[in-house]
Amino acid sequence: MTGTATPVTPTLPYPTASWGRRVLALFIDWFASSLVASVFLGARALPFGSLLAGVDPRPTDNLWILVVFVVQTAAFTSLGGGSFGKLVTRLRTVRVSPGAPDVRPPDPLRSIARQILVVLVVPPLVFRADRRGLHDLAAGTATVTLETYRHVFRRVG
């Protein structure tokens, strides 16, 4: 009996970043997005800002913070190889391609698609043994430490 084999994404020849650093980067990104949104929305956009300011949050406040989060993380990822939080925690988002490692940061379309999948929450929670979630597999990316990036990717470029 012959059948078509489903393509299998190969495991990476380099290690990916730990979950602790990724979660820390996510919290830093969310806090930074809240700060940026507070410039436009006021104190209620800050974490616990509504409680501290004694005002009721608007239903759209969290949506605007989410929009700032997606735009900020996608822009930083496509321009600098990682979101603000990833850069602070010394992580990088890299392209995964067959053959030699690709030193270019993910393009803007892949970065936006990746971040939209991140905010859906489930794709990052479904992951493979190499710690790449569905968002990474869909965007063709991986998150690595700065040390891995320098060792693997800079000697190629």
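The protein has 8 helices and 2 strands, where helices (H or I, at least four residues) and strands (E, at least two) are DSSP runs numbered from the N terminus. Read from the N terminus on, these elements follow the order α-α-α-α-β-α-α-α-β-α. This is a predicted model, in which local features need pLDDT of at least 70 and side-chain atom pairs count only at pLDDT 80 or more, while totals for chains, interfaces and linings use all residues. Residues are numbered from 1 along each chain as its sequence is written, and side-chain values use heavy atoms, with hydrogens and water left out.

Of the 157 residues of the protein, 40% count as buried; buried means under 20% relative accessible area, exposed means over 50%, and partly exposed lies in between (1.4 Å probe, protein chains only). Among contacts (heavy atoms within 4.5 Å) between residues at least 6 apart in sequence, 67% join residues at least 24 apart.

Just after H3, glycine 81 takes a positive phi of about 85 degrees.

In soluble globular proteins, nonpolar side chains tend to be buried together. A nonpolar core is a set of buried Ala, Val, Leu, Ile, Met, Phe, Trp, Tyr and Cys residues joined through side-chain atoms within 4.5 Å, and the largest one here has 9 residues, among them Leu12, Tyr14, Val94 and Val152. Strand E2 (141-145) and helix H8 (146-153) are the elements that give two or more residues to this core, and the largest share, 4 residues, comes from H8. Apart from this core lies another, of 5 residues, among them Ala37, Ala45, Ile65 and Val68.

The charged side chains come next. Side chains of opposite charge can pair when their charged atoms come close. A salt bridge is a side-chain nitrogen of Lys or Arg within 4 Å of a carboxyl oxygen of Asp or Glu, and by this rule the count comes to 5 salt bridges. In one of them, glutamate 147 and arginine 90 meet at 3.2 Å, N to O; this pair links distant parts of the chain, with glutamate 147 in helix H8 and arginine 90 in the loop between H4 and E1, 57 residues apart. Glutamate 147 counts as partly exposed because its relative accessibility is 41%, and arginine 90, at 37%, counts as partly exposed as well.

Arginine 114 forms a salt bridge with aspartate 136, the closest N and O atoms being 2.9 Å apart. Arginine 114 lies in helix H5 and aspartate 136 in helix H7 (residues 134-139), so this pair ties together parts that are 22 residues apart in sequence. Are these two residues buried or exposed? Arginine 114 counts as buried because its relative accessibility is 3%, and aspartate 136 is buried with a relative accessible area of 0%. Finally, Arg95, Asp107 and Arg110 are linked in a network of salt bridges.
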